[in-house]
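Please keep the sequence and the structure in view while reading.

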Amino acid sequence: MINQLNPAPIIAQNVMDEIDKLKPLTGGEWDIKNNDDITQFKGSLKSQLLITQDDKCAYCGLPFGETGKTEIEHFAPKGGAIRPKHPEFAFTVKNLVLSCNLCNSPVKKGNYDTIEVKNADYNLCTFKIVHPYFDIHSLHYAWTNDREKILIQGISPEGLESIRVFKLDSTRHSEARTRIKVNAYILTIPGGADLIADALNYIP
Ligand SMILES: [Zn+2]
């Protein structure tokens, strides 16, 4: 399932001080090569997020093993050196999450601009989709099932928009969620691991 991220990663002050020297950010700074501070920032962020996110995508909530490799993703897109979008938030920790290849792909989020109303202070921006750090997810999503699959419903404009952008109601997502939950449940039953092994060897 999709969970609100808490706490946000903490980056060492000496690294942040060096990153601050890159300001004002105008685009392309994230991709500067051979800069030890940027490498440290990314490494520290990623290792903390893997723990906070429990190896799951911040957008679809599926394990990375299910959905493809892990990328640091800018929630509000930074754009590039040539076409910057929100470059000033390129190193804003609460703008950075790990997402799967599927959610970050051009057919889903891609360069979608998540900011509804921009403010120089990132914390005061408003967003079009559910924010991984700021939003209480249960106010935006509801979960039901049709006895076969776990289904997601949007119960706010941001929840509905997240479901549309990330296709969170696709059959693939529903089936993956169901499989993970059913397996977790079976493992709570004595002999559950053997039951799963038997099931995998079962030839219908
Ligand atoms: Zn995802």
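A cavity is a set of grid points where a 1.4 Å probe fits but cannot get out. The model examined here is predicted. The largest cavity holds about 40 Å³ of space, and its lining consists of Ile 2, Ala 58, Tyr 59, Val 130, Pro 132, His 137, Tyr 141, Ser 162 and Phe 166. Seven of these lining residues are nonpolar and two are polar, with no charged residue. The second largest cavity, of about 30 Å³, is lined by Gly 27, Gly 28, Glu 29, Trp 30, Lys 78, Gly 79, Pro 87 and Ala 90. This second lining comprises three nonpolar, three polar and two charged residues.

The metal site comes next. The SG atoms of Cys 57, Cys 60, Cys 100 and Cys 103 coordinate the zinc ion at 2.3 to 2.4 Å. The arrangement is tetrahedral because the four donor atoms subtend angles of 105 to 115° around the zinc ion. Along the chain, the donors follow the spacing C-x2-C-x39-C-x2-C. Cys 57, in the loop between α2 and α3, and Cys 103, in helix α4, lie 46 residues apart and link distant parts of the chain. Both Cys 57 and Cys 103 are buried.

Helix α5 spans residues 157–166, and its buried residues are Gly 159, Glu 161, Ser 162, Ile 163, Val 165 and Phe 166. Two residues of this set, Ser 162 and Phe 166, also line the largest cavity. The buried residues of α5 pack against α4, β5, β6 and α6. After α5 comes Lys 167, with a positive phi near 50°.

Key. Residues are numbered from 1 along each chain as its sequence is written. This is a predicted model: local features need pLDDT of at least 70, side-chain atom pairs count only at pLDDT 80 or more; totals for chains, interfaces and linings use all residues. Side-chain values use heavy atoms; hydrogens and water are left out. Buried means under 20% relative accessible area, exposed over 50%, partly exposed in between (1.4 Å probe, protein chains only). Helices (H or I, at least four residues) and strands (E, at least two) are DSSP runs, numbered from the N terminus. Contact means heavy atoms within 4.5 Å. Donors are N, O and S atoms within 2.8 Å of the metal (3.2 Å for Na, K and Ca); water is not among the atoms, so sites may look incomplete. Four donors count as tetrahedral if all angles lie between 85 and 135 degrees; four count as square planar and six as octahedral if opposite donors are over 155 degrees apart and all others between 65 and 115; anything else is irregular. On a 1 Å grid over the protein atoms alone, a cavity is a set of points where a 1.4 Å probe fits but cannot get out, and a pocket is an open set with protein on both sides within 12 Å along at least five of seven lines; lining residues have an atom within 4 Å of a point. Grid points are joined across faces, edges and corners, and a volume is the space filled by probe spheres set on the points. Ala, Val, Leu, Ile, Met, Phe, Trp, Tyr, Cys and Pro count as nonpolar, Asp, Glu, Lys and Arg as charged, and the others, Gly among them, as polar.
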